[in-house]
Amino acid sequence: QVQLVESGGGLVQPGDSLRLSCLASGRTSSSYAMAWFRQAPGKEREFVSAISWSGSATKYATSVKGRFTVSRDLPKNTVYLQMNSLRPEDTAVYYCAASPEGIRGEYDYWGQGTQVTVSS
């Protein structure tokens, strides 16, 4: 079992930056790929970004490529999502997830989410 806790969300203006964090606890000795998803009001949850256990592989949704950067600090059991040039359409609840099957596997563990609101 892995427990995930997101933090770092907030209210920002268009063009601003935010960095989300996801702290993993529990069975963190296993090799989990980690990902960020988001869900906007009235919309389905969508994939944002993922990173392999080693950090050597990353993946991004087209809508965030070039603006968002995913990274992880293995000793701290933490994954980050640096979000730059934020847009109103980035407004959503952002969730962290873990997959024991690799970056393209099923994500079995989820955090509670952190709200990001981009508005002027």
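Buried means under 20% relative accessible area, exposed means over 50%, and partly exposed lies in between (1.4 Å probe, protein chains only). The model is predicted: local features need pLDDT of at least 70, side-chain atom pairs count only at pLDDT 80 or more, and totals for chains, interfaces and linings use all residues. Residues are numbered from 1 along each chain as its sequence is written, and side-chain values use heavy atoms, without hydrogens and water.

**View 1. Ring pairs link F37, F47, Y107 and W110 into a cluster.** Rings of Phe, Tyr and Trp (its six-membered ring) pair if their centres lie within 6.5 Å. Planes under 30 degrees apart count as stacked, over 60 as edge-to-face, and the rest as tilted. The count comes to four aromatic pairs.

**View 2. F37 and F47 pair edge-to-face.** Their centres are 5.7 Å apart, with 80° between the planes. F37 sits in strand β4 (residues 33-39) and F47 in strand β5 (residues 46-51), ten residues apart. Strands (E, at least two residues) are DSSP runs, numbered from the N terminus. F37 is buried because its relative accessibility is 12%. F47, at 23%, is partly exposed.

**View 3. F37 and W110 form a tilted pair.** W110 has a relative accessible area of 28%, so W110 is partly exposed.

**View 4. Charges sit over two rings.** This requires NZ of Lys or CZ of Arg within 6 Å of the ring centre and within 35 degrees of the ring normal. R45 lies over the face of W110, 3.8 Å from the ring centre. K59 lies over the face of F47, at 5.3 Å.

Terms used
Helices (H or I, at least four residues) and strands (E, at least two) are DSSP runs, numbered from the N terminus.
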